[in-house]
Amino acid sequence: MSEPKTPTPTPAGDTYKGWVFKWTNYIKGYQRRWFVLSNGLLSYYRTQAEMGHTCRGTINLATATITVDDACNFVISNGGAQTYHLKASCEVERQRWITALELAKAKAARMQAESDDSGDDFSPSSTPAAPGQGGASQNSEVQSALRTLGSKVEDLSTCNDLISKHGSALQRSLSELDSLRLTGEAGDKIRQVTERATLFRITSNAMINACRDFLALAQAHSKRWQKALQSEREQRVRLEETLEQLAKQHNHLERAFRGAAQANATTDNKSAAGPGKGEASDEDDENEFFDAMEEAPEFITVPADPQFHKRSSSNVSGFNSEMCADDQSLNEEPLAMNQESPSQELVPLKKRRTRIPDKPNYSLNLWSIMKNCIGKELSKIPMPVNFNEPISMLQRLSEDLEYHELLDKASKCQSSLEQMCYVAAFSVSSYSTTVHRTGKPFNPLLGETFELDRRRESGYRSLCEQVSHHPPAAAHHVISDRGWTLRQEITVASKFRGKYLSIMPLGTIHAIFEKGNNHYTWKKVTTTVHNIIVGKLWIDQSGEIDVVNHTTGDRCHLKFAPYSYFSRDVARKVTGVVMDKDGKAHYVLSGTWDEKMEFSRVMQSSRGGENGTEGKQKTVYQTLKAREVWRRNPLPEGAETMYYFTALALTLNEPEDGIAPTDSRRRPDQRLMEDGRWDEANSEKQRLEEKQRSVRREREREAASQRTSSQSEEAVEEDSLTDPSLKSAPHDNYQALWFERCEDRITGEQVHIYKGGYWEAKDRGLWEGCPDIF
C-alpha cells in the first residue's frame, strides 16, 4: 500500500490530524483512513473530503485505553464495542500519535466532570422527571455546588496574585540586603525584610487553607458525580448494544422462519411479493421486513349472473359513456385561454422544468443519530439535510393534487354514489408518490407559504401556510374553476420506535362540489418507515379511511392492508365498499395504493361464504366487470437520481416571479440542497432555525407583557391558587396571515380556513404584511 508522500500528522491548536492505517476485516486488511483528534475525541474518515458530512466512527479518549503492540501498531479501545487496531507508517509517526493521544486522554479525563456538567445532562429541560420536586432539588444542589466551587477558584486566584506580588517584593528586599555594607541602615532593612517575610507567610497560609478547602469540597462531590455519570454512561452503552443485538437477532429469526416456510409451502412462490415489487426479497440479506398478521377479507366479490348484465346494460352503458365523455373533456390542450376575457388571443402555457440536479452520493449513518431519539417526536429532532429531500412539507402536501383530474371527473358525475368512487380513488392516489420517497421533507418555518398556481393548465389554485410550529400544522386551500374546492389542515405526529418510524397525519380533508353541494370528508392513514436500523428503508401505508358525504349520507369504507410476507394477497392492497345512507352497497373498490384502483358495480349482495376469524359470515357481492378509475403516472426518466420525484414534484421548487417573500421556493437552505451544496445547506438550516427560535422568544415576551398589563397582580395571585397553569410560561400569540382559526361546522374541530386576500395581493404585487422569515 505505498502512498505518495504520506503527510506527517501535524497539530493545529487542540486538533491533531493525519493518515493512519486501520484494520477493517480479514479480506481487506489494513486500509488507509484520515484520523482527526480534537477535544478528546478521535474520529476517522475515509478521505479528507468526508470531514464535512460523513464520520465513520468516534472514540471518547476520556474512557479509552491505549496500548502499543509493536514498532508501528497500536490499539485504542473504550472497553465496549469500539476497538481500533491502527498501524502507523513508521515508528516515529506512531510515537507522535501515542504522545498526542496520551496528552488528549489526560486532558479529557481532567475536563470530564466539567464538560458533563456543562452539557445537557444537568439542564432543566433534559433532567429526568422525578416524583415531586426531586428533579428540581437535584438541579438546585448541583448549581449550588458549582457556585461554591467557583468562589473557591476565585479565592485561589486572588491568593496567587498576592503571593506573586509579595514574593517579588521580598526578593527585591533580600537583594538590597546582600548589597548593603554593615552601616546604620542595616537594622531598618532587616526589619523591613522581616515584615515582608511575615506578610508572605500569612498569605501563603491563606493560600494553603483555601487549597485545602477546595480540594476537600471537590473530592467530596466529584467522586459521587463521576460514579453516577459513569454508571449512566455504561448503562446507556449496554442498552444501545442490547437494542442493536435484538434487532439483528430478530432479523436472523425472521429470515430463518421465511426459509422454513418456503421449504414447507406447497402454494405459489411468494418471493416476489416483498416491499419492492418484482424483486426477490432474499437477494439482500440486510433487508428487514415488518410482518403483519394476515387478516381475512371482510367481503367476497363474484361475477354477477348474466341476467344482471342484460338487465342493467342500459344503466351501465350510460355510466361508461359518461366516463368516456369525461375523459375526452379533460384532455389538456397545449394552449389555454383566459376565461375572464374570452376574446383574447391564445397564450402559450409556461414550460415547466423536467429535471433537477442529481442527488449527491453522500452517505450518513441514520442509526448514529436516531438511536438517541427513541420515543421522541420527530419534528423536535434536529436533522441534517442528508436525510431530507429538497422540498418542504408544504410542497409535499401540495403533491396531493398530482391526480386532480379525479376531482374534475367527480364534479361532472350525475350520481353522488358514482362521485364517491372518484373521491375515494383521489384519497388513495395521494399515497402513490410515497412508495420510493424515503427522504424527509423540510419542516416549514412558521409563516412559510407555498402557492401552486395551475389555473391556466389545470384550472386550480393552491395555497399552503404553516400556521403552527409546536405542534407543526399546515393549512391548505385549493379552489378549482371546474367546480370543486379542497381544504385541509394537517398536523403530523411522528414517533421513532427503534425498528421503524410511524408518521400519523392528524386532521380532516374536505372536498366540496358546487354541483349538488356535496361535501366529503376523510382522514389520512398511518405511514410507516421500516428498517431504520438494518437494511434498506421501505415505506408502508396501513389503516382505514371513511369517506363520508355529509350532504347525502353516502359512505365509503377503505381499508389499507399492512404488508405481510406470508399474505397471499398482492402487496399494498386497498379495498373498499361504497354504500348509501341506508347501508346498501352500490360499488366495490379494489387495487393498490401504489399502482391503480378499480371499481365494480354491485348488482346483488348476500351473507355467506367462509367464516371469518371470529365466526362471522362474510358478505358476498355479485358485481359487474371491474373498470379502472385511477392509474399511477410513470416516473420521469432518471427519477432514481432525483429523489424519485414525480413530474409534478420536479416543478414544485422551480423559481417563479411574483410569489410571496415567504414562499418555500425562496428558502435558502432548501435551494442549496437542491443545488447539491449540502454543507452550506446545513449551516443555513441552523441559521434559519435559530432565527425562528429568537422570533418566537420575542413573541412570548410580548404576550407575557400584554397579559401583565391587562391583569392586576391581585387577580393573578387569587386565580393561581386554584389554577396553576397561570404560573406557567407565556404562550405564543402567533396568528396566521392568510388563514383564520374558527370552528368547522361539519366536524366541530378548531381549524384554520382560508380568509382570502392572497391572490389579490399577488395581482397587486403588495406583500407588506409578510414576515421576514428567511
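Trainee: Which residues of the largest nonpolar core touch the most other members?

Mentor: In soluble globular proteins, nonpolar side chains tend to be buried together. A nonpolar core is a set of buried Ala, Val, Leu, Ile, Met, Phe, Trp, Tyr and Cys residues joined through side-chain atoms within 4.5 Å; buried means under 20% relative accessible area, exposed over 50%, and partly exposed in between (1.4 Å probe, protein chains only). Here the largest core has 63 residues, and Leu486, Trp522, Val547, Leu558, Phe560 and Leu589 touch the most other members. Helix α9 (residues 416–429) supplies the largest share, nine residues. Helices (H or I, at least four residues) and strands (E, at least two) are DSSP runs, numbered from the N terminus. A second, separate core of 20 residues includes Val20, Leu37, Ile59 and Ala100.

Mentor: This is a predicted model, in which local features need pLDDT of at least 70 and side-chain atom pairs count only at pLDDT 80 or more, while totals for chains, interfaces and linings use all residues. Residues are numbered from 1 along each chain as its sequence is written, and side-chain values use heavy atoms, with hydrogens and water left out.

Trainee: Why is strand β19 described as largely enclosed?

Mentor: Four of the five residues of β19 (residues 509–513) are buried, so the rest of the structure largely encloses this strand.

Trainee: Which strands does β19 join through bridges?

Mentor: Two strands pair if DSSP finds at least two bridges between them. Strand β17 (residues 484–496) runs antiparallel to β19 with five bridges, and Arg487 stands opposite His510. Four bridges join β19 to antiparallel β20 (residues 519–522), where Trp522 faces Ile509 as its opposite residue.
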